[in-house]
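Student: I have a chain to read and would like a guided tour. Where do we begin?

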Amino acid sequence: MAKPGHSWSRVPVGKEQEEEEEGEDPLDARIARTGCLEQHRELQECMEQHRDWRQCQTQLRAFGACMARREQREQ
């Protein structure tokens, strides 16, 4: 019988700390390669400040538009 709860396991605490000390967040690195890192950070700052995505529509649209432009350039 399956165990209750999720089926994935957390990275050991020591491993998380090593990754943080080694360098940049992999997600930030991927977004940086898109050219939309500034818009992403502005969106993150807005979300941290307001804790409500509805109040961050300007930043959300700017990030979405940047990503859409990138996708069009790749096609």
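**Reading the chain**

Tutor: Begin at one residue: Cys36 touches Ile31, Phe63, Cys66 and Met67, leaving out residues up to four places away in sequence. Contact means heavy atoms within 4.5 Å. This is a predicted model, where local features need pLDDT of at least 70, side-chain atom pairs count only at pLDDT 80 or more, and totals for chains, interfaces and linings use all residues. Residues are numbered from 1 along each chain as its sequence is written, and side-chain values use heavy atoms, with hydrogens and water left out.

Student: How is confidence read, and where is it lowest and highest?

Tutor: pLDDT is the predictor's confidence in each residue, from 0 to 100. The chain averages 81, and 71% of the residues score at least 70. Helix α1 (residues 13-22) is lowest, at a mean of 52. Helix α3 is highest, at 96.

Student: What is the overall pattern of elements?

Tutor: Helices (H or I, at least four residues) and strands (E, at least two) are DSSP runs, numbered from the N terminus. Here there are four helices and zero strands. Along the sequence the pattern reads α-α-α-α.

Student: Which annotation does UniProt list?

Tutor: An unreviewed UniProt entry lists "domain: CHCH" for residues 36-68. Positions follow the numbering used here, feature names are shortened, and annotations may be inferred rather than shown by experiment. In the model, residues 36-68 are 79% helix and 0% strand. The end C-alpha atoms of that stretch are 10 Å apart.

Student: How much of the chain is buried?

Tutor: Buried means under 20% relative accessible area, exposed over 50%, partly exposed in between (1.4 Å probe, protein chains only). Of the 75 residues, 17% count as buried.

Student: Which residues make up the largest nonpolar core?

Tutor: A nonpolar core is a set of buried Ala, Val, Leu, Ile, Met, Phe, Trp, Tyr and Cys residues joined through side-chain atoms within 4.5 Å. The largest one has eight residues: Ile31, Cys36, Leu37, Leu43, Cys46, Cys56, Phe63 and Cys66. α3 (37-50) and α4 (57-74) each give two or more residues to this core. α3 gives the most, with three.

Student: How do I read α3 itself?

Tutor: Start with length. The expected span of a helix is 1.5 Å times one less than its number of residues. α3 has 14 residues and reaches 20 Å from first C-alpha to last, close to the 20 Å expected. Next, facing. An α-helix has 3.6 residues a turn, so residues three or four places apart point the same way. The buried residues of α3 are Leu37, His40, Leu43 and Cys46. They pack against α2 (26-34) and α4.

Student: Which residues of α2 are buried, and what covers them?

Tutor: Asp28, Ala29, Ile31 and Thr34 are buried in α2. Their cover includes α3 and α4.

Student: What does Arg41 touch?

Tutor: Arg41 lies in helix α3. Leaving out residues up to four places away in sequence, Arg41 touches Glu24 and Asp28. At 37% relative accessibility, Arg41 counts as partly exposed. Arg41 and Gln59 are 18 residues apart in sequence and 9.2 Å apart in space, C-alpha to C-alpha.

Student: Where should I look for a positive phi?

Tutor: Most residues other than glycine have a negative phi. Arg51 has a positive phi of about 55° although it is not a glycine. Arg51 is found in the loop between α3 and α4. At 69% relative accessibility, Arg51 counts as exposed.
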